[in-house]
Amino acid sequence: MKYMLLIYHDEQEWDRLTEAERQQIYLEYRELRQQLQSSGQYLAGDQLQPTTIASTVRVRDGKQLVTDGPFAETREQIGGYFIIEANDLDEANSIAGRIPSARMGAIEVRPLVETAEPASA
């Protein structure tokens, strides 16, 4: 089963880290990615740009409204994601706990809805 691990952190807290502290965290991310790739569990992932350059799109009564910023005002923002393959939710939660940002933020674990491939003619 595939899971999306949404990585939440406080952008202001991240900005207060020294460059050496950030590089250590990036190293831990690279190591975890390599471990998950070796076991065939890492499917995709990326860091996101800050919420200051994000936008949110809504359509109401047939009209599109684009606003600056993330969907909701919260202390923690989505800073990145992993898409992984795991046997079950327990394994996905275990992997989420290994993500470095879990120490200062939160990791939301969500199963992906997998649809069957259409039959080819």
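The structure is a predicted model, in which local features need pLDDT of at least 70 and side-chain atom pairs count only at pLDDT 80 or more, while totals for chains, interfaces and linings use all residues. Residues are numbered from 1 along each chain as its sequence is written, and side-chain values use heavy atoms, with hydrogens and water left out.

Most residues other than glycine have a negative phi. Asp61 is also exposed, with a relative accessible area of 79%, where exposed stands for over 50%, buried for under 20% and partly exposed for what falls in between (1.4 Å probe, protein chains only).

Strand β3 spans residues 55-60 and contains Val57. Together with Val59 and Val66, Val57 makes a nonpolar surface patch of about 250 Å². Such patches are made of residues with over 30% relative accessible area and no salt bridge, with nonpolar side chains (Val, Leu, Ile, Met, Phe, Trp, Tyr) joined within 5 Å and like charges within 9 Å; the areas themselves come from the Shrake-Rupley method with a 1.4 Å probe, and for residues only the protein chains shown count as cover.

Seen as a whole, the protein has 3 helices and 6 strands, which follow one another along the sequence in the pattern β-α-α-β-β-β-β-α-β. Its C-alpha atoms fill a box of roughly 55 × 45 × 25 Å along the principal axes, and of its 121 residues 29% are buried. The protein exposes about 8,400 Å², of which carbon and sulfur atoms supply 50%. Among contacts between residues at least 6 apart in sequence, 74% join residues at least 24 apart, a contact being a case of heavy atoms within 4.5 Å.

Side chains of opposite charge can pair when their charged atoms come close. The structure holds 4 salt bridges, each defined as a side-chain nitrogen of Lys or Arg within 4 Å of a carboxyl oxygen of Asp or Glu. One of them joins Lys2 to Glu114, with the closest N and O atoms 3.4 Å apart. This pair links distant parts of the chain, 112 residues apart, since Lys2 sits in strand β1 (residues 2-9) and Glu114 in the segment after β6 (106-111). Lys2 is partly exposed at a relative accessible area of 29%, and Glu114 is likewise partly exposed, at 44%.

Another salt bridge, between Glu19 and Arg22, has its closest N and O atoms 3.2 Å apart. Both residues belong to helix α2 (residues 19-38), and because they are 3 residues apart there, about one helical turn separates them. Glu19 is partly exposed, with a relative accessible area of 46%, whereas Arg22 counts as buried at 17%. A further salt bridge brings together the side chains of Arg110 and Glu108, at 2.9 Å from N to O; here Arg110 is partly exposed at 46% relative accessible area, and Glu108 is partly exposed at 25%.

How values were computed. Helix = DSSP H or I, 4+ residues; strand = E, 2+ residues; numbered from the N terminus.
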